[in-house]
Amino acid sequence: MQFSARRFFLSPAALLLLALPLTARAQQPVPMPRQPATQPQAKAQTEKPVTVAPAAPLTLAEAIRIGLENNYNIRLARTDEQIAANNVTRGNAGQLPTVNGNVSRTFNINNTRQERGETAPVVINGGKANALNANLTGTWTIFDGFGMFIAYDRLKALNQSQQQLTRATLEETVADITSAYFAVVRESGKIKSIEEALKIGQARIDLTQARVDVGVSAKVEVLTARVDYNADQSALIQQQEALATAKINLNNLLGRSARLDFQPADSIVVARTLDRDAVAQAIQQNNPRLQQARTNIEVATYDRKLVRASRFPEIGLQSGYGLTRNINNAFLINTAQGSVLSSNINRVYGPSYGVVASVPIFDGFNRRRLEQNARIGEEQSQLQLSQTQLQIEAEAEQAYAQYQNRLQLLELEEANILLARENVAIALERYRLGLLTPLALREAQRTQLDAEVRLLDIRYQAKQAEIVLRRLSSGLVQQQGQ
């Protein structure tokens, strides 16, 4: 029996694979990868993903500058602060005199009928008259139980409280902008990690297809590799949506169009030197919410003093100047011969002055009720201060615990990511040489992707905890301003 040599023709690569016994190939030492796998360098997190369209770069400092100018919460807080500042005047407190001018001019058309004894009645139809009244009055309270001075101090305290509220709004908005900016950095980094997984998946498809072509692998391995590749592509599409959402959120905080695209230019760098005692001391000294709560206690005290001042007499000065002029063009004068029609002009003018005093005697116990309510308001302000301080301390402790925990995890994951990348490089080379199964390569690939995502999440969480601590200690705006 003879066989055609053409039926058994094999490619040189196939002859080389068949020449090596499978057991010998399985036991031989693992060759070193073509590219050195020793301690690969960490990738830049803000490197532009291939799947993201080019856009103008945006730094964190620039984002904060835009937010401070355009954010609506900040703009509204600043207008409230302007109103509070405009209210701090001695005139608003009642310390200055008030002057009013009044002018009135009236015109009359009168029909007059006058009868005297047996004489014929005198009838005047359409008689015209006009009157002019003008006066200038001024009042000045010179004593009201010192209520005017208390009111002025109260206005200054309200202005200070509004300033603290504006500072708190600034700090909180800058914290939100910073967190949203680094959220964009994190989502961009995840896209880069998925793209690296896609490159490995494509290399796996190419290697598997080559092995199928030489007849040492089944087609099912190529199909499995393509299924895994498509799964990574699906994850990439979902991650692109997450990145778009993060950008929209940041644009909203910056007070600009949600469609405006940008590329983050800064990476996530976590400070590792925050001290708990220093943060706690800065919170007590600088936190605007605490300072506002303390100022509100002063305002409540002034409210109580104002009620007490209303129990005293009120003494004021009054002065003015008035002019009254009446013109009657149909004025009847009674004479011996009868009534005579004439014109009459009457003018009165001159200054006036005096002292006005009022003494509260009884008002149905309303002042006592108001004073009791004012004391309760003082107690409420004290309780609000204690509550605010407790909440801020709890938030600071929680943030510091998260900060310390994430720093430890960050060190672990930064070391782990290097191992995961080296493991994938070795696994890919072993798969190229036929010493590793597709399942093992896929597992190494997934391990690296999970490590990349964990590193990004932990770094972002550590930065969030740092942002919270800086916001509570009122150091976030100052830090960005340096």
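The legends below describe close-up views of a predicted model of one protein chain.

**View 1. The whole chain, for orientation.** The protein chain contains 11 helices and 6 strands. Of its 482 residues, 36% count as buried. Contacts between residues at least 6 apart in sequence were considered, and 84% of these join residues at least 24 apart.

**View 2. Packing of helix α3 against helix α4.** Helix α3 spans residues 60–70 and helix α4 spans residues 72–86. Their axes are 6 Å apart and meet at an angle of about 45 degrees. On the α3 side the contact is made by G67, L68, E69 and N70. On the α4 side Y72, I74, R75 and R78 take part. By type, the residues of this contact comprise 3 nonpolar, 2 polar and 3 charged.

View 3. Helix α8 covers residues 288–309, which makes 22 residues. From its first C-alpha to its last the helix reaches 31 Å. N287 caps the N-terminal end of α8. In this cap, a side-chain oxygen of N287 lies 3.0 Å from the backbone nitrogen of R289.

View 4. A282 belongs to helix α7, residues 276–286. With a relative accessible area of 19%, A282 is buried, because the class takes in residues under 20%. Leaving aside residues up to four places away in sequence, A282 touches N287 and S473. N287 is also the residue that caps α8. A282 and R470 are 188 residues apart in sequence, and their C-alpha atoms are 9.3 Å apart in space.

**View 5. S474 in the loop between α10 and α11.** S474 sits in the loop that runs from α10 to α11, the latter being residues 476–481. The phi of S474 is positive, about 60 degrees, although the residue is not a glycine. S474 has a relative accessible area of 3% and is therefore buried.

**View 6. E466 in helix α10 and the residues around it.** E466 is part of helix α10, which runs over residues 438–472. Its relative accessibility is 3%, so E466 counts as buried. Residues up to four places away in sequence aside, E466 touches V269, V270, A271, L274 and Y403.

View 7. R154 lies in helix α5, residues 147–213. At 24% relative accessibility, R154 counts as partly exposed, because that class lies between under 20% for buried and over 50% for exposed. When residues up to four places away in sequence are not counted, R154 touches V299, Y302, D303 and L306. R154 and T301 are 147 residues apart in sequence but 8.8 Å apart in space, C-alpha to C-alpha.

**View 8. E379 in helix α9 and A300.** E379 is found in helix α9. Its relative accessible area is 53%, so E379 is exposed. The C-alpha atoms of E379 and A300 are 8.8 Å apart in space, while the two residues are 79 residues apart in sequence.

View 9. F365 is located in the loop between β6 (338–358) and α9 (366–432). The phi of F365 is near 65 degrees, which is a positive value in a residue other than glycine.

**View 10. L243 in helix α6 and E187.** L243 is placed in helix α6, residues 219–253. L243 counts as buried because its relative accessibility is 4%. L243 and E187 are separated by 56 residues in sequence and by 5.2 Å in space, taken from C-alpha to C-alpha.

Key:
Residues are numbered from 1 along each chain as its sequence is written. This is a predicted model: local features need pLDDT of at least 70, side-chain atom pairs count only at pLDDT 80 or more; totals for chains, interfaces and linings use all residues. Side-chain values use heavy atoms; hydrogens and water are left out. Axes are lines fitted to C-alpha atoms, for helices over the stretch in contact, and angles run from 0 to 180 degrees between N-to-C directions. Helices (H or I, at least four residues) and strands (E, at least two) are DSSP runs, numbered from the N terminus. Contact means heavy atoms within 4.5 Å. Ala, Val, Leu, Ile, Met, Phe, Trp, Tyr, Cys and Pro count as nonpolar, Asp, Glu, Lys and Arg as charged, and the others, Gly among them, as polar. The expected span of a helix is 1.5 Å times one less than its number of residues. A polar contact is a pair of N or O atoms within 3.5 Å; within protein, one must be able to donate a hydrogen and the other to accept it, and residues adjacent in sequence count only if both atoms are side-chain atoms. Buried means under 20% relative accessible area, exposed over 50%, partly exposed in between (1.4 Å probe, protein chains only).
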